Amino acid sequence: MRGHMLLARNEAALGNFTEAYAAQERVLELRGDGATAQDYADYAEMLVMAAGGYVSPEAEAALAAALERDPRNGVARYYLGVMFRQIGRPDRAFTTWDRLLRESRPEAPWVPALRQQLPELAARAGRTDYQLPEMATPAPAAPGPTAEQMAEAENMSEEERTAMVRGMVDSLAQRLAQD
């Protein structure tokens, strides 16, 4: 299970979305009825990315499974809005995304895309009076290595430097997985 989860995440990070969704599909098979909303949302996202942004019927089914398990799942709600846009339902896309934006933390990864796209989508949905909601300023990103740490890295062996970089990447991956 863990191997397939890591494989799916790493293939997605490398942009190999076909391999990523195949590995995530295996995760769903192994988890069976214990698969979570996030498992299905991740699968749907990988399917969408592999299809160049198109929400296929298979991705739509995965979104439905995610939302059945957790109606507040942000990733699934975002792609549900994408699907509504694709099928010519700006009214449903607007409602889905506006609610998602209002319920999201400012640092949620979909917030910038929603803030950029909602005004145009509101107009297409006939909501000419729409105003984006005010949001708190997102928390600053976690700092990278200090100048002192960078200077120390110059004196490290190749193996030590590689281990340091891997540690930073793993830390970033953990933060991304939490968000």
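Me: What makes the span of helix α2 (residues 17–31) close to the one expected?

Reply: Happy to start there, keeping in mind that this is a predicted model. Helix α2 has 15 residues and reaches 21 Å from its first C-alpha to its last. The expected span is 1.5 Å times one less than the number of residues, and for α2 that gives 21 Å, close to what the helix reaches.

Me: How do you know that the buried residues of α2 line one face of the helix?

Reply: The buried residues are A20, A23, Q24, V27 and L28. Seen down the axis of α2, they fall within an arc of 150°, so they line one face. Their packing partners are α1 (2–13) and α3 (37–50).

Me: Why is α1 called roughly antiparallel to α2?

Reply: The two axes come within 8 Å and cross at roughly 155°. Angles over 145 degrees count as roughly antiparallel, so α1 is roughly antiparallel to α2. The crossing is left-handed. Among the residues that meet there are H4, M5 and L7 in α1, and F17, E19 and A20 in α2.

Me: And what follows α2?

Reply: That is G32, whose phi is positive, near 55°.

Me: Let's turn to another helix. Why does A93 count as buried?

Reply: A93 is found in helix α6 (residues 90–103). Buried means under 20% relative accessible area; A93 is at 0%, so it counts as buried. Not counting residues up to four places away in sequence, A93 touches G81, F84, R85 and L121. A93 and L80 are 13 residues apart in sequence and 7.5 Å apart in space, C-alpha to C-alpha.

Key: Residues numbered from 1 in each chain as written. Predicted model: local features only at pLDDT ≥ 70, side-chain atom pairs only at ≥ 80, totals over all residues. Heavy atoms only, no water. Helix = DSSP H or I, 4+ residues; strand = E, 2+ residues; numbered from the N terminus. Buried < 20%, exposed > 50% of the residue type's maximum accessible area, 1.4 Å probe, protein only. Arc of directions from axis to C-beta. Contact = heavy atoms within 4.5 Å. Axes fitted to C-alpha atoms, helices over the stretch in contact; angles between N-to-C directions. Parallel < 35°, antiparallel > 145°, perpendicular 65-115°, else oblique. Left-handed = near helix turned anticlockwise from the far one by under 90°.
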